[in-house]
Amino acid sequence: EMDNPLDSVAQKIQQLNQKTDTINQLAGCINTPSDSHQVREELRTTRQQFVQLATECEKIVRSSPSTPQQAQLSKELNDSMERFKKAGFNAMSKEKNHPLHTHQAPISGDLRGFVSQTVQTQLQMDDITIQECTELDIDNEIIRDKNESLQSIKKGLEYNKEIRQDLGYLIDSQSDALEETLLLSHKNKKISEDGLKLIAEASKKKNASRIKYCVILGIILGGLLICLLIIAAWVGEHAAVAA
């Protein structure tokens, strides 16, 4: 089972905060007896490490799906970067206002050593300037990445808006079709009820006709029976007279 990449981001944010604390501590050494080339070099190295680690965290957070953990880590990362920017600006301002000068050898000493120290100091100052420009380029790259992400999110929102509009049109059209279907169903129901009534009435009329026919048939049969009885009586009477 794969580990959640966001879990590593939480640990890296702690490291970022520790590096920011280190920058603040080293900046406090500038223009004090503790100031040295080693302090300035450690400052530059810590800034580089922070920028590299923050860029990695930014990519992981931006590529992760939107979850409560992702939102929380994104906020913590932004807070950490804001602390770093303040600490880094403070440190670079101190470095600029208090450049570290290399102790010069006496004029009577080795001239070659004096020139070497002077060149080394100038190279260190140039290195600070290059480092500042590099960090600014990295910050600009992060800003460009954020702008691209915002543009991508904006396009996604516009696409979702179009989808919602299309769904709205479909729902409206389906609602009209459903209303028409309900009306047709109501009409068919009414027609069916009318048909059942007609069938019931026809059945009643048919039953009435059958009863009528039965009554007429009964009257006819009764009349025939009476006639037969009369004839039988008449025949019997004439037979008796003849005898």
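## Contacts and overall make-up

In the protein chain, 77% of the contacts between residues at least 6 apart in sequence join residues at least 24 apart. The model is predicted. Its protein chain holds 4 helices and 0 strands, and the order of elements from the N terminus is α-α-α-α.

## Burial and surface

The protein chain has 243 residues, and buried residues account for 19% of them. Its accessible surface is about 18,300 Å². Carbon and sulfur atoms contribute 60% of that surface.

## Helix H3

Helix H3 covers residues 68–97, a run of 30 residues. From the first C-alpha to the last, H3 reaches 44 Å, close to the 44 Å expected at 1.5 Å a residue.

Several residues of H3 are buried. Among them are Leu73, Leu77, Met81, Phe84 and Met92. The buried set of H3 also includes Ala87, Gly88 and Ala91, as well as Gln70, Ser80 and Glu95.

## The loop between H1 and H2

Helix H1 spans residues 5–29 and helix H2 spans residues 37–63. Asparagine 31 lies in the loop between these two helices. Asparagine 31 is not a glycine, yet its phi is positive, at about 60°.

Is asparagine 31 buried or exposed? The relative accessibility of asparagine 31 is 52%, and the cut-off for exposed is over 50%. Asparagine 31 therefore counts as exposed.

Methods: Residues numbered from 1 in each chain as written. Predicted model: local features only at pLDDT ≥ 70, side-chain atom pairs only at ≥ 80, totals over all residues. Heavy atoms only, no water. Buried < 20%, exposed > 50% of the residue type's maximum accessible area, 1.4 Å probe, protein only. Contact = heavy atoms within 4.5 Å. Areas by Shrake-Rupley, 256 points an atom, 1.4 Å probe, with all protein chains shown as cover. Expected span 1.5 Å × (residues − 1).
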